[in-house]
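New notebook page, new structure. I want to get my bearings before anything else.

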Amino acid sequence: MQWLDAIVQGVLLGGMYAQYALGMALMFGVMRIVNIAHGDVMILLSLIAVSLAGVLPLGNVGLVLVIVPIAVGLGWLLQKFILNRVVGADPLPSLIATFGLSIALQNLMLEIWSADTRSLPNSDIASASFQIGPIYLGLLPVIVLLCAFCLTGGLDAVLRYTRFGRGLRAAAADTEAAAMTGVDPKRIYATATAIAVGILGLAAIFAALRATVSPSDGSAQLIYAFEAVIIGGMGSVWGAFIGSMVLGVAQAVGLRIDPGLGILFGHLVFLLVLATRPEGIMARKK
Amino acid sequence: MTTIHHTRVQRATLSSRIAMSIGIVALVALVAMPWWATSGNIRWAIELCCYIAIAQMWNLLAGYAGLVSVGQQAFIGVAGYMLFVLAQNFGVNPFVAVILSMIAPAVLAVPTYFLLRRLDGPYFAIGTWVVAEAVRLATSNIDYVNAGAGMTLRVMTQYSQHEREVAFVILCAILLLVTIGGSYWLLRSRHGLALTAMRDNPVAAASQGVNVGKLRFYIFVAAAVGTGFAGAIYYMAQLRITPSAGFDPFWASMAIFIVMVGGIGSIEGAIIGALIYFFADRLFGEFGSAYLIVLGLLTLIIALYARGGVWGLLQKLGDHPWFPVRRKLIVEDIS
Amino acid sequence: MTDTPILSTHGLTGGYGDFQALFGIDLHLMPGEVISLIGANGAGKSTFLKSIFGLLPVDREMVRYEGAAVGGTPAHKMVGRGLAMVPEGRRLFVGMTVEENMRVAIDHARLSESEGQWTRNRLFELFPILGEKRNQPIEDLSGGQQQMVAISRALLCQPKVLLCDEISLGLAPKVIREIYAVLPEILSGGTSIVLVEQDVTLAREASNRLYCMLEGRITLTGNSNEISRDDIAAAYFGASNAMA
């Protein structure tokens, strides 16, 4: 029974990871860019949320309404001033630029918020739980998972059925050919980044509600997002979602075996997938 | 009257002869340090040599092979740990162990490369980071190496401080010869042209018959060994290693900063960058995170606006290579 | 036909970075005309098309379209002005279906599908096989069928000028005939065409006028039915080779 419980908790944890991974899958899919500061941006948004909650009585929903637009704006700035200058066939400039940004952001956060761990004030949602059979479920993790599910479904539908989605997939397949067909690649990139960071805004609030955040946590979030995307299979948002579940379960199971092994198990599953099924578990055959 | 053209291939330049002379003087001065410098200065010199070596190896990876790694700390850590285990648990002479410990990074690099080569450029980079994290976490869970608490190199107490210092400066001199000299040799060899072609355009290089995959693999392993060698020397001098220090991602940040600021894709750049970083660290290290914010922003700005770094800017003022890797055809008229 | 060209280039120079591939190209296209641009591999034909289309940097005055200087305008804005291209190697959007490829063009076209003269249905009549395979991924189509999708995609941009880059390359003669048979229909709607070809016979038959390009320069131009084969051979390979 404790293994069933581990799997359930792992899936719930995966809901959190899916929110980090979706944005990364989207940005990599379109621009072939991995933003190394992905996790740090999320932590920054969490810390802003924690500080805001300390001065304004916004409530959790109010916080979401404030933080998500800030996140979208941040995504726009990131695109305009950094990513647009480094998009290209050579991965080095984008990696180095966002790597530098990551170090600067982490230390900036240390200066402002110090190394303390912080979280959003405990609300009813964060502590509420219910029981199904022998298994206890926290209300908040379930909400996080449902949100991740809806975001994935929503994003998938946008990519499939909207003008923006088709333009984005076209630009991802062949940027130059897309431009020849009337698609404005810069605008597509900007929108994709704004959506990706906007999702991080939501994730930031959930992360600060679920657990604590501190300025140096960003790297771990980046790695989890990355592992989820690769495990699931590149280029599909449902892949990122399923990959997040697998990663969450691997970590939760590892944690039950030995408290020191949780994260390591996640890495090992990632390496195992890379060794045996490098195209990802969700990828279709060519 | 006929003119006879005599052609020869020239590689050495005035600047390279000066640089070579300075290099030899510096190397001799380094080896002589135990007889003229303070212990504090020797410690600094060891650190600087390790920075240069690690940066040079990263430069080889990212600047030539197109393999951007943010996980070089994996090789630093495993080499350091192998040294400590051999010397402390098996009683191997530590100065022999430091050489043997280059086996560990080589052994780790092979499967790492084969696992990660399937990943696209930016994903390869984060992949190396995951490997480094996995090795760090695994090390933290192995009681044989004292888990998270780390190990101490107590066997070093059997040598006098002077003996240790002599050994360290010799090791550092070898380290520099192997990493800088090795890179220079590689770039001047017949693989050098292939590497330069690969740096400029891997697809075109492949179509010209360069076996890009094979060359990348060799460079990845060689860079791992060079990086590990530096790591072993560094932690030998520290006398202590822990998983969080030995596998600290900051090693990668440092290598990236040094190479980007100094100038990627040149041997000179990594040396200049290491010197800049070393002195910046002495001068501003006390400012902690404020200093690191500046380092991060500087890296960002260089990636955006000045990809050639300091060496790139110097090159614009005049072509004075310290390590000329190009061949120049000189046509002389002998009338 | 009016006297002002719809599209013209004036001393167009350009290339990739430091590598100059084009040395002062003067070319014009009249409304309702088909011109062909022939030349060997590496003559600079594709570079020229990309330069017109804003995919490579050129000076503003080097390209004129409907009387306005438009050189260097980003590609997606050129589509908005009425230019479309069938790129070399088709460059379709993999991972998307036939119809989705077409819809990208419809989404971003100058005119909507109902306002413009090209609709999916009309194209499905022209290329019935595309109608049958409209929901299949683009990777499942044969080379000829993919070329039909590429042409359809360009036409759904509702262009006034269509640039075709080596549309016959790598296709069977029967398929080439099928594709070239569509050109009159495109012309009849008022669209002017620039054909880039390596196949001289095909280029001469299909065009009113012809330009021959060699090493980044125009070496010959004239009415397609008046130029002799020998002149073309000389211009195509360079004079010295032709004499030999």
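**Chains.** First reminder to myself: this is a predicted model. I checked which chains meet. Two pairs of chains are in contact, and chains A and B share the most contacts. Chain B and chain C do not touch, and I found their nearest C-alpha atoms 13 Å apart.

**Core.** How many residues does the largest nonpolar core have? I got 287, and among those with the most contacts inside it are A:Ala49, A:Val229, B:Leu83 and B:Ile258. From chain C, this core takes at least three residues from domain 1 (1-82 + 160-244) and at least three from domain 2 (90-159). I then looked around A:Ala49. Leaving out residues up to four places away in sequence, A:Ala49 touches A:Leu63, A:Ile67, A:Leu120, A:Ala204, A:Ile205 and A:Ala208.

**Sheet in chain C.** I traced an open sheet of six strands in chain C, with mixed pairing and the order S6-S7-S8-S3-S9-S10. Which strands are at the edges? They are S6 (83-86) and S10 (217-223) of chain C, each pairing on one side only. From one strand to the next, the twist averages 15°.

Next I zoomed in on S3 (residues 34-39) and S8 (residues 192-197) of chain C, which run parallel and are joined by five bridges.

How values were computed. Residues numbered from 1 in each chain as written. Chains lettered and ligands numbered in written order. Predicted model: local features only at pLDDT ≥ 70, side-chain atom pairs only at ≥ 80, totals over all residues. Core = buried A, V, L, I, M, F, W, Y, C linked by C-beta atoms within 7 Å. Buried ≥ 20, exposed ≤ 12 C-beta atoms within 10 Å, placed from the backbone. Domains from an automatic or database assignment. Contact = placed C-beta atoms within 7 Å. Pairing = 2+ DSSP bridges. Helix = DSSP H or I, 4+ residues; strand = E, 2+ residues; numbered from the N terminus. Axes fitted to C-alpha atoms, helices over the stretch in contact; angles between N-to-C directions.
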